[in-house]
Amino acid sequence: MIEALFEGLFLVLQWKPLAFMALGIVLGFWVGLLPGLGGATTLALMLPFIYAMQPVEAFAFLLGMHAVVATTGDITSILFGVPGEAASAATILDGHAMAKKGEAGRALGAALASSLLGAIVGAFALAIAIPIVRPLVLTFGSPELFMLAIVGIAFIASLSAPGPRGMLRGFLAGGFGLLCATVGQDPQAGIARYTFDTLYLWQGLDLVPVLVGIFAIPEIIDLAIRRGSIAGALPAGRISKGAFEGVKDTFRHFWLTIRCSLIGTFIGIMPGMGGAVAQWMAYGHATQSARSAEERKGFGAGDVRGVLGPGAANNSKEGGSLIPTIAFGVPGSTAMAILLGGFFLLGLVPGPDMLTKHLPVTFSMVWTIVIANVVTVLACFLFLNQLARVTTVRGTVLIPAILMLVFIGSYTSNNHYGDIVLTLIFGGVGYLMVIGGWPRAPFVLGLVLGKIAENYLYISVARYEAAWLTRPVVLILFALAVAVILYPLVQQRRKPAHA
Amino acid sequence: MHKKASLALALGVMAVSGYGVVAAWFWPWKAALFPLVIGIPLFVLSAAEALWVLLGSTERATVQDFQISQELPEPEILRRSALAGAWILGFFAAILLLGFPLAVPLFIFLYLKVHGREGWVLSIVFTAVAWAFFYGLFDQLLHLPFPQGWLLEWSGLF
């Protein structure tokens, strides 16, 4: 295990993975800073570029990019009161209040230092989780792995939109994703399913054009709706002034930062909870750290602890959410569901193989998170004043550049115009989902897991017939799926009774 | 807008899953097992969602996902969305007719100049940089085959 840990480090430190990581970090910087473009969308946009890469290079690129998005997202939240990322919204409360009081540098220093600490805690949690979950995962057969896919969809469907209505839409999205995954030649009987006599559809719906369409098109339309500049006017004076004071704040409240990092890691492990939940829970915990009612009043008006908590949790959740993604193929968030797509594009299957045969690759992800965050935080401190100016870019300039990447990225998946048609169709579906309040994460999970879930179901039925349903772990996982579905409903029923 | 979009999606999923189940019914069980296991409950659930909307439920699910900006009046949001959709489809049409190497700079320049009302200098420089990125990375470095546009093929110009 220790050998694999160091092998993972050496893999990342080769020049090619390092170069791809650097490229990913640069992209992540931009994406985090610009409120108009989400981290998950950019992950989807970058998937076409990983085909020719080795797994370590691809994960250095994708994770390097994703790991820093939340860090730079805090910069926009603090300076402009506009979250660079959905997961950076809680930082606004105290971070922007500090900026208005002339303490922007201190708030940024605190956000960056706590982000780094959080990322290290999350990566450490991922590293120590591997030996713990490995024996468990290795006992799983096809029936258990099929049930795990169902549990994953149940988790993400029930939690990505609360309430019975939200849950219904979550399951509809997940089911639709699973059904879309059945398009193409059936691996067992060789039947061409839902291909409408077109050769293009024989190989199934390609992940890249679908994901690019469903994520990028709605965001492009939103940029077009908003027009104007992405963020707003820059605060006067040198932004970096006082940043070191913020770093000292992180160490003054060291244990609070660690506790909030652990909250973020825990939320990350729970599938479907997402970064938005992590930051608010960490913020809630930070407010509880106030010793008196008077001290608590300072939160929301510029208390540095209100910056440290969300900053740490935002970054620690990445390591946490990688745990179920790698070990069970159950992603903790939309971004992780897209990353799961990346696994399949590279020919890797999450689960036992990632903890045995590809263990060094898994550990390389841990190191990528740590290195990417260290580099980002250092670069942020060096170029803080210049970075802030990026947010004054107009949407009208961004749109054609993004759209070019969308169409080229989609087309290069199979060098076929059908890829672009697929992107446009699923772009329309994604837009309707966003407008209609249907969560997109369950759809992605269904589409990504569909093929392997079908394979596991087929093997389970062919080998055990109906008896696979009575295997103990299958029953436990089935009960877990039912509990995941029922718990939010019971909780919602109780609420009015207690009110 | 919210209700109409949800109804359109529910009816769409109903149609897709209904067709999926009917088509799968005639396949060997190996090929039909998964589409039927997924398609039948999906049809029932989408019918439930469609009914929920049609019966006038005003309940709006709060989704943990990206949201379209709602600051503007609804007609203006629809107008701008339609305009964005038209530009996207226009870019696709340009790719089909002219091919990527011509459609990319043409679209970027027109979008900046006509839609964005940017200045001549910015429009030309940005277009040149974007085209250089496209040509350098995809054509020269990655050697990706981009077909000629239909218009150029028909006219026999290239």
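Residues are numbered from 1 along each chain as its sequence is written, and chains are lettered from A in the order in which they are written. Because the model is predicted, local features need pLDDT of at least 70 and side-chain atom pairs count only at pLDDT 80 or more, whereas totals for chains, interfaces and linings use all residues.

**View 1. Chain A and its secondary structure.** Chain A comes to 21 helices and two strands; helices (H or I, at least four residues) and strands (E, at least two) are DSSP runs, numbered from the N terminus. Of its 499 residues, 63% count as buried. A residue is buried if 20 or more other C-beta atoms lie within 10 Å of its own, exposed if 12 or fewer, and partly exposed in between, with C-beta atoms placed from the backbone. Among contacts between residues at least 6 apart in sequence, 81% join residues at least 24 apart in chain A. Two residues are in contact if their C-beta atoms, placed from the backbone, lie within 7 Å.

**View 2. Helix α1 of chain A, residues 2-12.** A:G8, A:L11 and A:V12 are buried. Seen down the axis of α1(A), the buried residues fall within an arc of 90°, so they line one face of the helix; the arc is that of the directions from the helix axis to the C-beta atoms. A:I2, A:E3, A:F6 and A:F10 are exposed on the other side of α1(A).

**View 3. A:F59 in helix α4 of chain A, residues 55-80.** A:F59 is buried, with 30 other C-beta atoms within 10 Å. Not counting residues up to four places away in sequence, A:F59 touches A:V361, A:S364, A:M365 and A:T368. A:F343 is 284 residues from A:F59 along the chain, and their C-alpha atoms are separated by 8.9 Å.

**View 4. The largest nonpolar core, with 203 residues.** A nonpolar core is a set of buried Ala, Val, Leu, Ile, Met, Phe, Trp, Tyr and Cys residues joined through C-beta atoms within 7 Å. A:A44, A:L62, A:A107, A:L211 and A:I220 touch the most other members. Helix α6 (residues 104-138) of chain A gives the largest share of this core, 18 residues. At least three residues come from each of domain 1 (2-54) and domain 2 (78-155) of chain B. Leaving aside neighbours within four places in sequence, A:A107 is in contact with A:I78, A:G95, A:M98, A:A99, A:G246, A:V304 and A:V307.

**View 5. Chain B and its two assigned domains.** Chain B has six helices and zero strands, and 28% of its 158 residues are buried. Domain bounds come from an automatic or database domain assignment. The centres of domain 1 and domain 2 of chain B, taken over C-alpha atoms, are 38 Å apart.

**View 6. The contact between chains A and B.** Chain B gives 63 residues and chain A gives 60 residues. On the chain B side, the elements that give two or more residues are α1 (2-24), α2 (29-54), α3 (74-98), α4 (100-115) and α5 (120-141). α2(B) gives the most, with 13 residues.
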